[in-house]
Amino acid sequence: RFVDLAAVDATILTEMRYHSAHNFVGRRIKGYREPLCILTRPAARALKNAQAALRPRGLSLKVYDCYRPRRAVADFAAWAEDRSDQRMKAEFYPRTDKGSLFDAGYLARRSGHSRGSTVDLTIVRLPAARQPAYRPGQPLTACYAPVSRRFRDNGVDMGTGYDCFDPLAHTLDPRVTGVPRANRILLRDTMAAAGFTGYSKEWWHFTLAGEPYPDTYFDFPVARGSLP
Ligand SMILES: C[C@@H](N)C(=O)N[C@H](C)C(=O)O
Ligand SMILES: [Zn+2]
């Protein structure tokens, strides 16, 4: 019952951050063998419906993370214990202690992503702007800096970048007003209409209500060979 999202809706943009070095760890995460968005079929179909609601408005979804194997979650946990590695702090958690990321709710020891019906995503205005390639070692900017100063993601302004482990990324943080607040609400409402529930601490994180494997945490690698 798992599928490659591209086989269900080829128009949804992808930027698989954990297959890349542009994430809070700073390198590819264990278990991400290919830059694919794998989801349960019901979650992929529901995302297709969300995309269909956005496209007439000149907008598209862009996914950052989909199914996440348990070995990737374990990689996050091992990384969190190594306090000496602060390589990506300046962008992803500038004012949060990395030792508190699990307790603060920004990382989960048993992640909904491992059940296959949870997705991290944003909205992009079409035609999608080209965004600069991330170069490991480049100077980093805080994910909560104004949109003109932080990493130039081609998503609409959500008030912070993706995986910004900071209270400003809480979906309804009262300091986020105007356009970024409206963008968060558009994403939340579009996803809700398609059957997904958001997460109060991360504007980008959604889980399909009535997911097919509510109690199963999978560990197959993210690779075409894992699919039927
Ligand atoms: C790490 C972030 N993208 C995320 O998905 N956080 C939630 C809490 C999780 O790990 O499940
Ligand atoms: Zn997530």
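Thr-216 has 10 C-beta neighbours inside 10 Å, so Thr-216 counts as exposed. The model described here is predicted. The protein chain has 228 residues, and 41% of them are buried. The chain holds 5 helices and 7 strands. Ligand 1 sits among a set of residues that includes Asp-65 and His-205.

**Overall build**

- The elements follow the order β-α-β-β-α-β-α-α-β-α-β-β, starting from the N terminus.
- Along the principal axes, the C-alpha atoms of the protein chain fill a box of roughly 40 × 40 × 30 Å.
- The radius of gyration of the protein chain is 16 Å; a compact globule with 228 residues would be near 17 Å, so the two values agree.
- Take the contacts between residues at least 6 apart in sequence: 73% of these join residues at least 24 apart.

**The open sheet**

- An open sheet is formed by 5 strands, in the order E2-E4-E5-E7-E6, with mixed pairing.
- Its edge strands are E2 and E6 (196-199), each of which pairs on one side only.
- Strand E2 (residues 13-14) runs parallel to E4, and 2 bridges join them.
- One bridge partner pair here is Thr-14 with Val-63 of E4.
- Strand E5 (residues 118-125) runs antiparallel to E4, and 6 bridges join this pair.
- Ser-60 has Val-124 in E5 as its bridge partner.

**Strand E4 and helix H2**

- Strand E4 covers residues 59-65 and is mostly covered itself, with 5 of its 7 residues buried.
- Helix H2 (residues 41-54) lies across E4, E5, E6 and E7.
- The helix runs at about 145 degrees to E4.

**Around ligand 1**

- The shell around ligand 1 comprises 3 nonpolar, 4 polar and 4 charged residues.
- Asp-65, Asp-120, Asp-163 and Glu-202 are among the residues around ligand 1.
- His-113 and His-205 are there too, along with Ser-111 and Gly-112.
- Tyr-106, Leu-107 and Ala-108 also belong to the residues around ligand 1.

**The segment after E7**

- Pro-212 is found in the segment that follows strand E7 (202-208).
- Pro-212 counts as partly exposed because it has 15 C-beta neighbours inside 10 Å.
- Beyond its neighbours within four places in sequence, Pro-212 is in contact with Arg-1, Thr-40, Pro-42 and Ser-117.
- Pro-212 and Gln-131 lie 81 residues apart along the chain, and 35 Å separates their C-alpha atoms.
- Thr-216 also lies in the segment after E7.
- Thr-216 and Arg-115 are 101 residues apart in sequence, yet 5.7 Å apart in space, C-alpha to C-alpha.

Definitions and conventions
Residues numbered from 1 in each chain as written. Chains lettered and ligands numbered in written order. Predicted model: local features only at pLDDT ≥ 70, side-chain atom pairs only at ≥ 80, totals over all residues. Near = placed C-beta within 6 Å. Nonpolar A, V, L, I, M, F, W, Y, C, P; charged D, E, K, R; others polar. Buried ≥ 20, exposed ≤ 12 C-beta atoms within 10 Å, placed from the backbone. Helix = DSSP H or I, 4+ residues; strand = E, 2+ residues; numbered from the N terminus. Pairing = 2+ DSSP bridges. Contact = placed C-beta atoms within 7 Å. Axes fitted to C-alpha atoms, helices over the stretch in contact; angles between N-to-C directions. Rg over C-alpha atoms; globule rule 2.2 N^0.38 Å.
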